Amino acid sequence: MGSISRYPVDTGHRWEVRYRKPDGRQTRKRGFTTKAAVTSFLHAVESDKAAGTYVDPTRGRVTVEAWASRWLDGKANLAPSTRQRYGSIIDTHITPSLGRTPISKVRHVDVQKWVSAQTCSAASVVKHHRVLSQILDLAVRD
């Protein structure tokens, strides 16, 4: 279980929680305005850890562009032409519109708008969506 403490700020005080991630490293989250909020957060973290569904918040700050690069680097079984095509799709279609977005901030509606905004053939849009889908699927699994 983590610990909760109060710290002073100019307008009074705030609450922080310290807890261990599943890998054993200690972390903290600050800025809670009420003890009830910080307690609720800690209980949710501990519950997620126990259920095996804990997601490190810092992992979601990676941008789509950076994650796409990791994804492509990890595709060891691709033919050179496929690797080049995937790289081109990432550089030309994914990065300009979604590249700077943190991976945790990509919503279904964002992907829907991205698909709708594409002006190429339907078959190409399907291929582009498939690449983005594989990138996001890896992020969810990781």
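The model is predicted, and local features were considered only at pLDDT of at least 70, side-chain atom pairs only at pLDDT 80 or more, while totals for chains, interfaces and linings use all residues. Residues are numbered from 1 along each chain as its sequence is written, and side-chain values use heavy atoms, with hydrogens and water left out. Helices (H or I, at least four residues) and strands (E, at least two) are DSSP runs, numbered from the N terminus.

Three strands form an open sheet in the order S1-S2-S3, with antiparallel pairing; two strands count as paired if DSSP finds at least two bridges between them. The edges are taken by strand S1 (3-9) and strand S3 (26-32), each of which has a single partner strand, so one side of each is left without a neighbour in the sheet. On average, neighbouring strands of this sheet are turned by 25° against each other, direction ignored. S1 is joined to S2 by seven bridges, and the two run antiparallel. They form a hairpin with two residues between them. Across this pair, Tyr7 stands opposite Arg14 in S2. Strand S2 (residues 12-20) also pairs with S3 in the antiparallel sense, over six bridges. Within S3, Phe32 is the bridge partner of Trp15, and Lys29 is that of Val17. The hairpin of S2 and S3 has five residues between the strands, and in this hairpin Gly24 takes a positive phi near 95°.

Helix H1 (residues 35-51) lies across S1, S2 and S3 and runs at about 10° to S2. For such angles, axes are lines fitted to C-alpha atoms, for helices over the stretch in contact, and angles run from 0 to 180 degrees between N-to-C directions. The 17 residues of H1 reach 24 Å from the first C-alpha to the last, close to the 24 Å expected at 1.5 Å a residue; the expected span is 1.5 Å times one less than the number of residues. The buried residues of H1 are Val38, Leu42, Val45 and Glu46, where buried means under 20% relative accessible area, exposed over 50% and partly exposed in between (1.4 Å probe, protein chains only). Seen down the axis of H1, these buried residues fall within an arc of 95°, so they line one face of the helix. The arc is that of the directions from the helix axis to the C-beta atoms. An α-helix has 3.6 residues a turn, so residues three or four places apart point the same way. The buried residues of H1 are covered by elements including S1, S2 and S3, whereas the face turned away from the buried side carries the exposed residues Ala36 and Ala51. H1 is followed by Gly52, whose phi is positive, near 80°.

Helix H5 (residues 122-141) has 20 residues that should span 28 Å at 1.5 Å a residue, and its end C-alpha atoms are 28 Å apart, which agrees. Its buried residues are Val125, His128, Val131, Leu132, Ile135 and Leu136. They cover an arc of only 130° around the axis, which puts them on the same side of H5. On the other side of H5, Ala122, Val140 and Arg141 are exposed. The buried residues of H5 pack against helix H2 (64-73), helix H3 (80-98) and helix H4 (108-117), contact being defined as heavy atoms within 4.5 Å.

The largest nonpolar core has 20 residues, and those with the most contacts inside it are Trp71, Ile90, Ile94, Val131, Leu132 and Ile135. H2, H3, H4 and H5 are the elements that give two or more residues to this core. A nonpolar core is a set of buried Ala, Val, Leu, Ile, Met, Phe, Trp, Tyr and Cys residues joined through side-chain atoms within 4.5 Å. With neighbours within four places in sequence left aside, Ile90 is in contact with Ala68, Trp71, Leu72, Thr95, Pro96, Val131 and Ile135.

Leu98 is found in helix H3 and is buried, with a relative accessible area of 6%. Not counting residues up to four places away in sequence, Leu98 touches Val64, Trp114 and Leu132. Ser104 lies in the loop between H3 and H4 and is partly exposed, with a relative accessible area of 49%.
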